[in-house]
Amino acid sequence: MKFTNTKVQMMQNVHLAPETDEDDLYSGYNDYNPIYDIEELENDAAFQQAVRTSHGRRPPSKTSLASSIGRPMTGAIQDGVTRPMTAVRAAGFTKAALRGSAFDPLSQSRGPASPLEAKKKDSPEEKIKQLEKEVNELVEESCIANSCGDLKLALEKAKDAGRKERVLVRQREQVTTPENINLDLTYSVLFNLASQYSVNEMYAEALNTYQVIVKNKMFSNAGILKMNMGNIYLKQRNYSKAIKFYRMALDQVPSVNKQMRIKIMQNIGVTFIQADREKMKKAFQKLITVPLEIDEDKYISPSDDPHTNLVTEAIKNDHLRQMERERKAMAEKYIMTSAKLIAPVIETSFAAGYDWCVEVVKASQYVELANDLEINKAVTYLRQKDYNQAVEILKVLEKKDSRVKSAAATNLSALYYMGKDFAQASSYADIAVNSDRYNPAALTNKGNTVFANGDYEKAAEFYKEALRNDSSCTEALYNIGLTYEKLNRLDEALDCFLKLHAILRNSAEVLYQIANIYELMENPSQAIEWLMQVVSVIPTDPQVLSKLGELYDREGDKSQAFQYYYESYRYFPCNIEVIEWLGAYYIDTQFWEKAIQYFERASLIQPTQVKWQLMVASCFRRSGNYQKALDTYKDTHRKFPENVECLRFLVRLCTDLGLKDAQEYARKLKRLEKMKEIREQRIKSGRDGSGGSRGKREGSASGDSGQNYSASSKGERLSARLRALPGTNEPYESSSNKEIDASYVDPLGPQIERPKTAAKKRIDEDDFADEELGDDLLPE
């Protein structure tokens, strides 16, 4: 290369010192030269002369310079040898160069390096490395198979890895010293093998493998694996050993590893709970093995001997026999209570717990209690709203003996009744009653199915029979009170609920029914008093609060009515009747701005009812905010383009404000009125063609109208209040429901009424009859 040739030419001009016998070319340079001693400069005549004259500027001779300096200059020749450069030694500058060798810092003159010696594939080291690679691959394949769910293949791979690892250890011992054995590989192979044994439920083999790891002192931190051994003992339900190994593992974990210590302590707690489960099972098994020492055979006459039969009849109901019955009943009660308590906790689910209790009871002297436990299991499914499982169990029990059959059919009847399948409910109620005529629950369910069909007299008979069989059957007493209320026998109904109140002092349902009966008896003061007791029990029930507001409104106490209506709205702001009353109250007191928020909420609840948006616009207009009223009317017109009232409002407002839109709205109004007139003419012509049938329909309609009038007093009062508001007698303020376009369909479909609270009975259909509201400022 050009750079190399230039460098060689430069180095040829350098005179290198020949090799001498001296070992150190730099020896003597640390010797002290007195010429540098500045303390003696005053006594140095030559120095003083040089300072005073030009003697010091003359070039010194070589002899004097050498003697004054004490060492040769760089490149100077001394004793036939050229002095080398000091401080830095050039790259590639060696003693061989002094003998005339060429400058070659990269050793290019030596030629290429000799090839590496090929390793022998059959050497012991190569065999060991290849075997290590195979063992690692087997361990990886085992782990992959485990993650894929192929546990059998994972175990086989782990075993193969273990076998090859042992071969590897023997070969290493023959070639190298024992200290060179790969302990990490041995540990991973053994740990993987133990894990695969564990997941394949080969617990004995897994424990043995873990023991090999734990007992080997060469494995550091192997004591933590005792936690895995504790897990295996827990699966084997050997709780004492599981706790022992967990605690040993806890001792091996340093205090800085808090997460691991917490997990181990959690395992210890779970093990103690599992141990308690076993203790509960053992205690239950001991409970059912307690002997009652009751001989049932002595109450069965073995022969036809009259004297023996007489003695048997005499002892069948004596004091000893009664004591034995009480003792047996107490034992059965204890067993049933214990089973109910432990069944949900002794297994992973309550169903498995009940199954275990049933199997244990079937193998004991209390075989008849097994069916009762099955019924309890079905009832638990009912409480968890798993009706399919409950029905499945009860249908199996329905085929048992009469007592169990009656209980199962009773529960099935209740299930189908709650599902509104009254035919099935009635069928299973008949089965329950026929199986056990003295079952009050079965009689009550049968009465319920009859009540649902409207036969109140017959329903009352079933309830009475249930009360005769069991006077403490509160369900039958409550239902018979509702039945008397339906039959308008209010005094008897009140008597039933007052008796029930003496039994259930703080029952909100009973208190509400008493208040409702007093209201039907037109005694509002007593109704308010009992409703106040309901509020003391459930102070957040919006229906009860709205009922109190309604009663106070009837009594003329507007402030109390407003208080309870407002509380009802606060707890449930979606009751349209409450929202309507509050809006009307604020209009009556001329607080238009406050009324707006209630009518706006009403328009959100019933977006297809134009009346609420018209009321919002009316409140804006009355408060003086004409621009906001105009915007609201325009928005209402866009949503209901065929509403006549909205167009009338727009024409009047635009005219008063001097807007040009008044003419356009007037044309639309005229067109709609003409269409309305044509529609009314068609209807009138159709009525004229119907002849005498029309008069009959009108007569029946007038009769219905009178009935609705009496049933909708609250709607009339609200209508009267709104009609009495200032300005409602103006022409463009009047409105009617009939003027809404009949072709408009509610996109939301039929509205579902919000379920009443448990304290409120279902209101009669008459209470929700079409009210004669007078104008569209109230909900239909």
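How many helices and how many strands does the chain have? In this predicted model, in which residues are numbered from 1 along each chain as its sequence is written, the chain has 34 helices and 2 strands, taken as DSSP runs (helices H or I of at least four residues, strands E of at least two) that are numbered from the N terminus. Local features need pLDDT of at least 70 and side-chain atom pairs count only at pLDDT 80 or more, whereas totals for chains, interfaces and linings use all residues, and side-chain values use heavy atoms, with hydrogens and water left out.

**View 1. Helix α6 and the helices beside its buried residues.** Helix α6 spans residues 151–175, and its 25 residues reach 36 Å from the first C-alpha to the last, close to the 36 Å expected at 1.5 Å a residue (1.5 Å times one less than the number of residues). The buried residues of α6, among them Ala-154, Gly-162, Glu-165 and Arg-172 (buried being under 20% relative accessible area, exposed over 50%, partly exposed in between, with a 1.4 Å probe and protein chains only), pack against α5 (124–147) and α7 (183–199).

**View 2. Tyr-626 at the surface.** Tyr-626, which lies in helix α30 (residues 626–639), counts as partly exposed because its relative accessibility is 40%.

**View 3. The whole chain as context for the close-ups.** Of the 780 residues of the chain, 35% count as buried. Among contacts (heavy atoms within 4.5 Å) between residues at least 6 apart in sequence, 54% join residues at least 24 apart.

How values were computed:
Patch = residues over 30% accessible without salt bridge, like charges linked within 9 Å, V, L, I, M, F, W, Y side chains within 5 Å. Areas by Shrake-Rupley, 256 points an atom, 1.4 Å probe, with all protein chains shown as cover. Salt bridge = Lys/Arg side-chain N within 4 Å of Asp/Glu carboxyl O.
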